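Subject: Structure for your files, with notes on salt bridges

Dear colleague,

Please find the structure below.

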Amino acid sequence: MIRFNILLKATLFLDTALALVFYDTVLPLKSKHSNCIDDSIRKSFRDMVDSNDFFELSEGFPEQCLVPLMGNAKISLGPHYADLDTSCGKHVAHRVSGYLLTVEGESRSDVGFLCNKLLEEFSRFESISTSPLCRTVSRYQSKLKPDTGRDAELTKDPELLDTIFGSQRDDVLSKLARDGFVTIDSGIKASPASQLKLSEMLQEKTEQKEFIRSDSVRFLDRENAASCGLEKQYDFMMAISSYLNEHFSPEESPNEPILPGTHDRPLTNPARIQAAAYGENEYYVAHSDNPIDDDTHTRRNFRWFTYILYCNDGWDLRKDGGALRIYPDCNTGTVKESSKYVDINPINGKLLVFDSRLVHSVEKVTSKTRRRLALTLWALRPEDRNIVAMVR
């Protein structure tokens with residue numbers, strides 16, 4: 001059940017003469033048989049409020065918090081009870097089926113912003129699914145101006161990149177320019193403990209249709225990455241854009257750059273990287289991260305390069321499946337039967353960099369015992385042209 005009043009109308013509270021916009025949805029439980037769910041949710045809610053200056057606990061209402069910086073905005077989270085049939089034909093509400101999230105604000109923009117903020121914070125709520133909230137945030141983000149990223153200079157680390165690229169730098173960058181993709185053994189490998197922690201973190205399925213992709217994903221900031229022992233991987237991926245700005249000459253563009261991108265340093269970084277896990281029989285169909293529009297013959301978003309760092313020890317394509325299949329000659333989002341491809345083995349420490357236009361897929365994982373783990377960053381090249389925001 002989802003009621004999204006901010007798309008339909010505002011609710012007028014006559015006693016305060018103030019029009020408030022509100023959103024509510026039921027966040028379902030991940031397990032119907034979890035014990036002490038209510039106490040756990042209450043504690044997570046209090047921890048969220050106590051650890052963030054943005055929120056303030058509402059006095060006398062333990063399941064509600066205020067947002068002082070946003071006027072009359074407030075958030076509440078309480079149990080939602082399912083109606084159960086009994087033998088006498090009556091309905092008895094005594095089983096918690098999920099938690100009702102209600103967000104109130106003074107504008108649609110405020111409510112959308114708060115939902116986005118909550119999605120970032122709700123990783124601490126291990127017992128409830130955030131899928132309905134993800135859909136709301138996607139709608140909110142789709143109405144925003146496109147993200148232009150962060151200045152890549154803020155996360156540069158030339159010594160680290162020089163160590164990894166070393167004497168093969170010119171060959172690596174030449175291959176990237178010629179073929180549109182390149183792989184390199186970074187030597188930055190995820191430990192078995194880090195792989196386990198990352199796999200445990202990746203439980204939420206992607207919001208895309210299952211016939212398109214069936215993996216589990218999550219966006220990670222540096223703190224999230226460090227909690228899995230992957231801070232070095234995060235720092236390495238964030239440093240690549242600055243390195244390419246310094247040593248790689250991208251194709252000329254007729255468009256003016258948008259800050260923080262410049263003519264000399266066109267690539268910028270997103271705020272977070274994506275982690276993805278593919279289990280048995282899971283896949284991602286052939287697609288482009290930034291396809292060429294058939295009508296305008298231009299890219300559809302700001303993504304310029306895709307960086308993928310793999311985290312899988314001893315992965316064997318013949319036994320485990322899960323190849324990253326890339327089509328070097330395809331950049332429109334579709335492939336033909338005659339299209340040539342290259343299969344990339346997602347082995348621990350391997351870095352793949354490719355032009356975000358290139359069509360690629362994740363072939364079905366066949367391993368019955370392992371999940372295929374990968375970290376992805378989309379380097380941006382923000383330019384002044386008609387692009388709508390990406391929904392991620």
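Lys30 is partly exposed, with a relative accessibility of 45% (buried means under 20% relative accessible area, exposed over 50%, partly exposed in between, with a 1.4 Å probe and protein chains only). This is a predicted model, in which local features need pLDDT of at least 70 and side-chain atom pairs count only at pLDDT 80 or more, while totals for chains, interfaces and linings use all residues. Residues are numbered from 1 along each chain as its sequence is written, and side-chain values use heavy atoms, with hydrogens and water left out.

Salt bridges

The whole structure holds 20 salt bridges (a side-chain nitrogen of Lys or Arg within 4 Å of a carboxyl oxygen of Asp or Glu). Side chains of opposite charge can pair when their charged atoms come close.

Lys30 has Glu204 as a salt-bridge partner, with 3.7 Å between the closest N and O atoms. Glu204 sits in the loop between helix 6 (192–201) and strand 10 (216–220), and Lys30 in the loop between strand 3 (18–28) and helix 1 (37–50), so the pair ties together parts that are 174 residues apart in sequence. Helices (H or I, at least four residues) and strands (E, at least two) are DSSP runs, numbered from the N terminus.

Another salt bridge joins Arg178 and Asp179, at 3.2 Å from N to O. Arg178 is exposed at 60% relative accessibility, whereas Asp179 is partly exposed at 24%.

A further salt bridge, 3.5 Å from N to O, is formed by the side chains of Arg325 and Glu363. This pair links distant parts of the chain, 38 residues apart: Arg325 is in strand 15 (residues 324–327), and Glu363 is in the loop between strand 18 (359–362) and strand 19 (372–380). Glu363 is partly exposed at 26% relative accessibility, while Arg325 is buried, with a relative accessible area of 17%.

There is also a network: Glu153, Lys156, Glu246 and Arg265 are joined by salt bridges that share partners.

Overall make-up

The protein has nine helices and 19 strands. Of its 392 residues, 48% are buried. Among contacts (heavy atoms within 4.5 Å) with a separation of 6 or more, 73% are between residues 24 or more positions apart.

Regards
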